[in-house]
Amino acid sequence: MTQLPDRTDRKLGLVIDLDTCVGCHACVISCKGWNTENESAPLSDQDAYGTAPSGTFLNRVHSYEIQPDTGPAQLVHFPKSCLHCEDAPCVTVCPTGASYKRVEDGIVLVNEDHCIGCGLCAWSCPYGARELDLAAGVMKKCTLCVDRIYNTHLDEEDRVPACVRTCPAGARHFGDLGDPDSDVSRLVAERGGAELMPEQGTRPVNRYLPPRPRDQWQADPAPAALAPVADTPTGFPGWLDKALEKL
Amino acid sequence: MHPAPSVILFTTLSGLGFGLLFWLGLGLPAVTGRTAFVFFTIAYLLAVGGLAASSFHLGRPDRAWRAFSQWKTSWLSREACCAVLALLTMAAYGAALVFAQTRLPLLGALGAVLSLGTVLTTAMIYTQLRTVPRWHQPLTPALFLSLSLAGGALLAGQTDLALWLLPLAGAILIAHWQLGDSALARSGTTLASATGLGHIGHVRAFEPPHTGPNYLMREMVFVVGRKHALKLRTIALCLGIVLPVALLLLPFSHLLGALAVLSHLAGVATARWLFFAEAEHVVGLYYGKR
């Protein structure tokens, strides 16, 4: 059902340390690997070896430059996947009941056998955590590796999400953010873990630990970025662009 | 947002079709027999044609029946239920008019409410999305309802009503553009709040997560429409509102009436294209775009 539970027994989620992440994208690859090879529909690629490759990913790493008022700019690598929100808008908008939030651990999942691929849940997500798989025609999202974390066929240390297990920098932490005494909750308290887009009212479970203050140094500020050289659209939008330009 | 042709066709045509069904349900015009058959055929072609077009943007249309189940929380599900109820009710009401020359006013009124309800639920699908600040405002349902009522009145040959409703819809359209232009800024969502890093300094997207486009960017980061927004807004307003009103003010003829309807349809389709193309989804911020 698409009605959100009043409360969940646990709030499983990730804590991502932006101070430690080196931007290697290993979590992206291990996520794609695990979730392509296992129970749910594979994460397909289109034109994988052609000129315009594109594909479905549940985890992507952005990079941002932060320019403080004084001092040099900082580069922050920023992995982003589903935040397993407490007030998940993607669940309530679903017309079929395919999207749901589990009472026992708070994980937000998609029942791929019921999804009609309307895409409304992806529209309702402010974080871009859901992607429609073009081959399967159903919505894909991070499952918090629900097929790993309870899997007794795996060794104890492997019962964490694939991205957490693979991170060579130890920048990703998995645990119960509903328990104030858990390791992840204490980490969030110590390091001032942030919610993304709190104004959107989604109450995300995942937290991001901000980079620690850098050493101070004296340097010139970064030069201004250049304007893009060409961004002319092609095809029908290109024709429309030209036709309207002539009016 | 990506202006998918199926969704633009759907909202434009079914909006007009359900608008016509609304007026027919109220007995405006009070038609029976063959004339009623023609009116109802046009209304059903528009409403059902629009609904059929909307199924083309589904990844798995074979499972569309499941969309009737989650009306407790989902506006999309409510729309599906409301549309089917409206079409069934109006079919019974129309059958009585066409085959028995009998007007069942209570059934007609119920059908009218359900028809307008369908338009409202369509509008709420967009209005509910806090992620698209341009849509997340009370004027969005007002816009869909006023355009549907005005277009329906035009198609139902209710000239006096259309002459009031078309300018009203035009005024709401302009107000929706005006408020929409500042909606993203007023929403308070920025790259700083998106990353939680604003307290350190000015945040700028440095490197995207991949070199090619992805589903999110194709679906939600569409910028071509905004370059010509002013021209397209003028076209939408002239074709959708000004020209039909001018044609209605001329001495009545069926040819001018048909021209007014076609012009209105083209104008609403343009406005609807802009409704999507101009809308900024906050996920664009993560990609350094809007």
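**Reading a two-chain model**

Reply: Helices (H or I, at least four residues) and strands (E, at least two) are DSSP runs, numbered from the N terminus, and two strands pair if DSSP finds at least two bridges between them. This is a predicted model, in which local features need pLDDT of at least 70, side-chain atom pairs count only at pLDDT 80 or more, and totals for chains, interfaces and linings use all residues. Residues are numbered from 1 along each chain as its sequence is written, while chains are lettered from A and ligands numbered from 1 in the order in which they are written.

Me: Which residue of β1(B) is the bridge partner of Glu65(A)?

Reply: The partner of Glu65(A) is Arg204(B). Tyr64(A), in turn, stands opposite Ala205(B) in β1(B).

Me: In what order do the strands of this open sheet lie?

Reply: The order is β5(A)-β4(A)-β1(B), 3 strands with antiparallel pairing. At the edges are β5 of chain A and β1 of chain B, each of which pairs on one side only. Neighbouring strands of the sheet are turned by 35° against each other on average, direction ignored; for such angles, axes are lines fitted to C-alpha atoms, for helices over the stretch in contact, and angles run from 0 to 180 degrees between N-to-C directions.

Me: How many residues of each chain are in contact with the other chain?

Reply: Two residues are in contact if their C-beta atoms, placed from the backbone, lie within 7 Å. Here 59 residues of chain A are in contact with 51 residues of chain B. On the side of chain A that touches chain B, β4(A) gives the most, with 8 residues. Among the other elements that give two or more residues to that side are β5 (74–80) and α7 (235–246) of chain A.

Me: How is each chain built?

Reply: Chain A has 7 helices and 11 strands, and its C-alpha atoms fill a box of roughly 60 × 50 × 35 Å along the principal axes. Chain B has 12 helices and 1 strand, in the sequence pattern α-α-α-α-α-α-α-α-β-α-α-α-α. The radius of gyration of chain B, taken over C-alpha atoms, is 21 Å, close to the 19 Å that the globule rule (2.2 Å times the number of residues to the power 0.38) gives for 290 residues, so chain B is as compact as a globular protein of that length.

Me: What share of each chain is buried?

Reply: A residue is buried if 20 or more other C-beta atoms lie within 10 Å of its own, with C-beta atoms placed from the backbone. Buried residues make up 49% of the 290 residues in chain B and 43% of the 247 residues in chain A.

Me: Which residues have the most contacts inside the largest nonpolar core?

Reply: A nonpolar core is a set of buried Ala, Val, Leu, Ile, Met, Phe, Trp, Tyr and Cys residues joined through C-beta atoms within 7 Å. The largest has 150 residues, and those with the most contacts inside it are Leu20(B), Leu21(B) and Ala150(B). Helix α3 (residues 75–100) of chain B gives the most to this core, with 12 residues. Not counting residues up to four places away in sequence, Leu20(B) touches residues including Ile42(B), Leu46(B) and Leu155(B).

Methods: Buried ≥ 20, exposed ≤ 12 C-beta atoms within 10 Å, placed from the backbone.
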